[in-house]
Amino acid sequence: MNKKFKNILTQFIKFGMVGIVNTVLSYLITNGSYYILHLHEQISNLISFLITVLISYLLNSRFVFRQEEGQHQPWYRALAKVYASYALTELVLMGILLFVQERLLGIPHYIATFVNLCVTVPLNFILNKFWAYRKRDNRKDNRKTSNIS
C-alpha cells in the first residue's frame, strides 16, 4: 500500500474516532441542555455545536492533523476554518439534504441522517485536511522573503 494513501487512511480513521466522541458529546450536551437546563431546542443545538466543534478542533489538531515545525498557521485561523467547515456541512448541507430527503422524497429521518453521515463525514475530512489544517511551509516563505531583500 502506498505510504501517502496509508497516512491519509490512518488520518481518516482517527478523524472518525474523534467524530464518534463528538457525536456522543453532542447528544449528551443537546439533551442535557434541553431536558435538564430547560433551554430552547435551538439554543441547546447551538451550545452543542459550539462546544463539540471546539473539542473536535482540539482533538484533531493534537491527534489527527499534527503539524510539523515550520508548517503551521495561527491557531485562531485554523479554528475559524474548522467552525466554517462544520457550519457548511453540518448546518447548511445537512439541513438541505434532510429537507429534500424527508419532505420531498419521504425518507424517514433515521435513514436520512445515516445516509447524510456518508456524505458529510468524508466531506468534513477533506475540508479539514486540505483547508482548515492545510500545511504551509513557513520556511519556504522565509527563504522567498530573504532572497528578495
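A nonpolar core is a set of buried Ala, Val, Leu, Ile, Met, Phe, Trp, Tyr and Cys residues joined through side-chain atoms within 4.5 Å; buried means under 20% relative accessible area, with a 1.4 Å probe and protein chains only. The model here is predicted: local features need pLDDT of at least 70, side-chain atom pairs count only at pLDDT 80 or more, and totals for chains, interfaces and linings use all residues. Numbering starts from 1 along each chain as its sequence is written, and side-chain values use heavy atoms, leaving out hydrogens and water.

**Exercise 1.** Sketch the fold of the protein chain.

Step 1: count the elements, taken as DSSP runs (H or I, at least four residues, for helices; E, at least two, for strands). You get five helices and zero strands.
Step 2: tally the burial. Of the 149 residues, 29% are buried.

**Exercise 2.** Find the largest nonpolar core and see what Val82 touches.

Step 1: the core has 14 residues, and Phe15, Tyr57, Phe65, Val82, Tyr86 and Tyr133 have the most contacts inside it.
Step 2: α1 (3-36), α2 (41-64), α3 (75-104) and α4 (109-132) each give it two or more residues.
Step 3: contact means heavy atoms within 4.5 Å. Skipping neighbours within four places in sequence, Val82 touches Val53, Tyr57, Asn128, Ala132 and Tyr133.

**Exercise 3.** Is Asn22 buried or exposed?

Step 1: Asn22 counts as buried because its relative accessibility is 10%.
Step 2: now look at α2, whose buried residues include Thr52 and Ser56. The cover over the buried residues of α2 includes α1 and α3.

Terms used. Buried means under 20% relative accessible area, exposed over 50%, partly exposed in between (1.4 Å probe, protein chains only).
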